[in-house]
Amino acid sequence: MVEPSTGNICAENLRKEFIRPDGQTVVALNNVNVTIKAGEFVSLIGPSGCGKSTFLRLLAGLSKPDEGKFTLDGVPITAPGYERGLVFQDPTLFPWLTVYDNIAFGIKIRNIYHEKKTEVQDLIRLVGLDGFEKAYPHQLSGGMAQRASLARALVNHPKVLLLDEPFGALDAFTRMNMQDELIKIWRERGTTMVMVTHDVDEAIYLSDRIFVMSARPARIDSIIDVEMGRPRGRDLPDFLRLRARILQILDFAGKREEIQYYL
Amino acid sequence: MQQVNQPDKKTEKTNRFDLRTLAPTLSAVLALLVHLLIPNSPRYTLKPMPYFTIALIFIIAVTIAFAALSVFSRKIREKYAYKSWFIAAVLLVLNLLNIATMKLMLLPAIYFPNPDRILKVFADDGAFMLKCLGYSLRLLATGYIIGALAGMTTGILVGWSKKWSYWVNPLIKIIGPIPSTAWVPIALVSFPTSFSASAFLIALAVWFPTTVLTSSGISNVQNSYFEVSSTLGAKTLHKIFKVALPAAAPSIFVGIFNGTGASFITLMTAEMMGVKYGIGWYINWQKDMLSYANVYAGLIVIAITFSLIITLLFRVRDRVLGWQKGVIKW
């Protein structure tokens, strides 16, 4: 495993508000202060509307905080950039490009395609899409499309990979496969991973730390260290204990605020 | 799989001949017999020409060739057999037209010339018509290319930037719907030559639909494509040319297709109203001289040319939008 030196994330007094269509202001995040170490795998989990996707979008630079700031290796984040790769739940592959061209998109627009050409093929192999280079996105299954999307984000060698419920739309079997692939990539590259998920098991299986968020007020409720070796058996007592604990926190957060939908 | 295929192979071997492939030949032979054996109407005073006979013999030869090829090639057989009824019917219509005009003179001869007379025009006046066509195509291409490029440019600007949309959109809304032919009187006095005036009108005709559909195509591109591209390092120009434009391409093509139709109309109108050359002018001129055979010949030239252009455009679209196969059919 590469010992990562870059990819330190720091959030200082983050606040983000939205104005609802009826004119009311909703606070999506308030007073968030966290640090994520380089090479760490962090998951954000919490009920709908707890601001976890907002957290990710701010980190990606797709929206700007109303107060406070995000920094990456000490540099404030003001706009999207290739050093912060993003994978959505929907693969959002460009339908007019082949799998190969989708994956090569990042290095092509940065004009480094000629030097980095071989990496595209390496990535295709890494995510197991050999033989599908010339396929168009509509010809892929959901899992394959998500692999291509992952490879597309990785081609730029981002310091941070942001994953917004990346496996949420996949079937259980494919999802578990993809989780293992992700761990493999993470170990190989030492990329800092920040993932939003609805799946407690997924969070425990993958993460070094889990940020459990509450909806109202929107903030990080508790931070849980996952002190387990890898690979993690999903039926180990430690695993199940942690699962019960997180569910309890989520349930508690839910009841206190009378929220009916979570997970 | 093999067992399923075997009976197919057998039928392929035994059924090398499809009766339908003879239909066009029979229809052509019938037309030839009618033409040669039935005497012309006594009221028909013009000297008979050999052109229709020659054409029919040529058609018979070609259809026989295809029928023969069909025996050897399965691909040709399937295609030709499928089309055979239609080809036979077209030849039958030609035959009926010949009967109605030359043999029975059911239609006023001056306005409805027989096929023989129309073919004679191609033989006598073909070279001049081609010259006219060349002139028309030059005019069409000039206006069309300017219009399409200008349309895409304004479409991108309006679809992409709010400022451009604010200033230019009202203009498009007011000027766009005016049929470009309505500008003929103004264009003819504002431009130094009738060529440039007509090119301008054609460009205008293409510009409007291309602009509208380019801008709507671009403003309807999913925002997530732009978000993803920006996290991959895309700057504004990348987003326009590498994301917005390809994503909007299907819509842009619809605009260009609409523009093509409008450009044909404008070309013909311009040539009939002011331009002193070109295939539209030719038709109008021959009409004034009551040479309706020449008018029909001109129409046939236009039909062939324009349908070739449309076919070409479809080919281009299929190539550019190959990625859409299986996504959208239109």
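This is a predicted model: local features need pLDDT of at least 70, side-chain atom pairs count only at pLDDT 80 or more; totals for chains, interfaces and linings use all residues.
Helices here are DSSP runs of H or I with at least four residues, strands are runs of E with at least two, and both are numbered from the N terminus. Axes are lines fitted to C-alpha atoms, for helices over the stretch in contact, and angles run from 0 to 180 degrees between N-to-C directions.

Residues are numbered from 1 along each chain as its sequence is written, and chains are lettered from A and ligands numbered from 1 in the order in which they are written.

Which residues make the contact between these two helices? Helix 2 of chain A contributes A:Y100, A:I103, A:A104, A:I107 and A:K108, while helix 3 of chain A contributes A:Y113, A:K116, A:V120, A:L123 and A:I124. Two residues are in contact if their C-beta atoms, placed from the backbone, lie within 7 Å. By class, this contact has 8 nonpolar, no polar and 2 charged residues. Ala, Val, Leu, Ile, Met, Phe, Trp, Tyr, Cys and Pro count as nonpolar, Asp, Glu, Lys and Arg as charged, and the others, Gly among them, as polar.

Let us turn to the sheet. Chain A has an open sheet of 4 strands in the order 2-1-4-5, with antiparallel pairing; two strands pair if DSSP finds at least two bridges between them. At the edges are strand 2 (25–36) and strand 5 (75–76) of chain A, each pairing on one side only. Strand 4 (residues 67–72) of chain A is joined to strand 5 of chain A by 2 bridges, and A:T71 has A:P76 as its bridge partner in strand 5. Helix 1 (residues 52–60) of chain A lies across strands 1, 2 and 4 of chain A, at about 115 degrees to strand 1 (9–19).

Next comes the contact between the chains, which takes 22 residues from chain A and 16 residues from chain B. On the chain B side, helix 9 (223–231) and helix 10 (236–273) are the elements giving two or more residues. Helix 9 of chain B gives the most, with 6 residues.

Finally, the domain assignment of chain B gives domain 1 (13–112) and domain 2 (117–324), with bounds from an automatic or database assignment. Their C-alpha centres lie 37 Å apart.
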